[in-house]
Amino acid sequence: MPRKAEGFPPCAAAKPRAAAPRPSLLANSHANCYYYRLFDYVFNQMKLRILYHGHCFDGVASAATFTRFYQEQIQPQAEIAYAGLFHRPGNLLFDGNMFDGDENAIVDFKYSPSAKLTWWFDHHQSAFLTPEDEAHFRADVSGKKFLDPTRKSCTEFIGDVAQTNFGFNAGPLQDLIHWAHIIDGALYDSPAQCVELKEPALQLMQVIESVPDESFIEQIIRDLTQKPLSEVATSDEVVERFQPILQLHRETLEAVKRKAVYADGVVQFDLVDEGYEGFNKFIPYYLFPEATYTVALTRGAKRTKISVGSNPWAPRPRRHNIATICERYGGGGHAVVGAISFAPDEVEKGRAAMKEIVAELSS
Ligand SMILES: [Mn+2]
């Protein structure tokens, strides 16, 4: 259950610190002059670009946590811009124009060897597109790029590193970190908790995963930087957007009930013809508590996708590393959950790969 917020101290950005990261263009003797400060603000303000794992609760929570850390410990006056990053077929995840800040950060997403990338936090096993990217990361001496695939959530990882290495106080973000940990680590009490969606944090998760409006997601990030999770998750804007999602979620539940086939520990279903772009990944275990794995095929506007998952409450333990299986088909993820993207028209290719994966997990 979400803990009740006991006051949410405003971000220290409200009171800019004296230290400026860039040399001033004017002499210091004018430092207290209004026009000096205005000039300094206009001409010396630096821009931070934060690229985060889009439509993912942990990605959004990581962006909010990094924002608050950056404003409190690094540069209070930075102008901050956001953009979501998405997994796509092939290796074209980044384009050079994305790194348009004076500083550029990636959180909860793959590494980029771009010289413009100044901060990186990730916890995915499949964190690198190529061995060259990994070598580039291993050679980094900036002290601002971090990977720990043993972490359940990138949000918690950022909070801990920021606290230990940079003196950040992650306390006010405790509730956000707690829920990112549960959601990204799939540490729910039961499949019912996640399929019935009673907790506001889980309703916010659904909104983040489903609402296509990037500017709304960006507002959520900015709100989570300044307000407690419980307040953001129960706001009118979130509650209003959650209602149609809940309706669709119930329809998807019915579709999975109709299409899912269970055998040898594996639930499989193909929702391409139904037109559902995604589904709550705990529905299969809600319906088939004895299953160890799920393999599902869906199609959206931008990709056909195989989702592979494992049941955290399975009576028989997981014996396969799902990221490793997905990597063979050009996908990736974690040991317990992963995905593979194909072009939207590659449905048959997706179906063939799905068949092979089901056979492997059933053996
Ligand atoms: Mn994550």
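**Confidence.** I started with residues 13-21, where pLDDT stays under 50. For that stretch I find nine contacts beyond four places in sequence. Where pLDDT is low, the predicted coordinates should not be read in detail. I leave both stretches there. For the chain, the mean pLDDT is 90, and 88% of the residues reach 70 or more.

**Whole chain.** I count 13 helices and eleven strands. The chain has 363 residues, and 40% of them count as buried. I also looked at contacts with a separation of 6 or more. Residues 24 or more positions apart account for 68% of those.

**The five-stranded sheet.** Which strands make up the open sheet, and in what order? I read β2-β1-β3-β4-β5, with parallel pairing. The edges are β2 (79-85) and β5 (145-147). Each has a single partner strand, so one side of each is left without a neighbour in the sheet. Ignoring direction, neighbouring strands here are turned by 10° against each other on average.

Strand β3 covers residues 103-107 and strand β4 covers residues 119-122. Three bridges join them, and they run parallel. I followed valine 107 across and found phenylalanine 121 of β4 as its bridge partner.

**Helix α5.** Is helix α5 (residues 174-184) mostly covered or mostly open? It is mostly covered, with eight of its eleven residues buried. I listed the buried ones: Asp175, Leu176, Ile177, Trp179, Ala180, Ile182, Ile183 and Asp184. Both aspartates, Asp175 and Asp184, are on that list. What lies over these residues? The cover includes α2 (57-74), α4 (154-166), α7, α8 (214-226) and α9 (229-233). After α5 comes alanine 186, which has a positive phi, near 50°.

**α7 against α10.** Helix α7 spans residues 200-210 and helix α10 spans residues 236-259. Their axes come within 9 Å and cross at roughly 80°. That falls between 65 and 115 degrees, and α7 and α10 are therefore roughly perpendicular to each other. On the α7 side I noted Gln203, Leu204, Gln206, Val207 and Ser210. On the α10 side the contact is made by Val238, Arg241, Phe242, Ile245 and His249. By class I get five nonpolar, four polar and one charged residues.

My last stop was β7 (residues 266-270). How much of this strand is buried? Four of its five residues are, so β7 is largely enclosed by the rest of the structure. On one pairing, strand β6 (residues 261-263) joins β7 through three bridges, and the two run antiparallel. Tyrosine 262 stands opposite valine 267 in β7. β6 and β7 form a hairpin with two residues between them. In the turn, aspartate 264 has a positive phi of about 50°.

I then checked β7 against strand β8 (residues 293-299). These two pair in the parallel sense over five bridges. Here aspartate 270 stands opposite leucine 297 in β8.

Terms used:
Residues numbered from 1 in each chain as written. Predicted model: local features only at pLDDT ≥ 70, side-chain atom pairs only at ≥ 80, totals over all residues. Axes fitted to C-alpha atoms, helices over the stretch in contact; angles between N-to-C directions. Parallel < 35°, antiparallel > 145°, perpendicular 65-115°, else oblique. Contact = placed C-beta atoms within 7 Å. Nonpolar A, V, L, I, M, F, W, Y, C, P; charged D, E, K, R; others polar. Pairing = 2+ DSSP bridges. Buried ≥ 20, exposed ≤ 12 C-beta atoms within 10 Å, placed from the backbone. pLDDT = per-residue confidence, 0-100.
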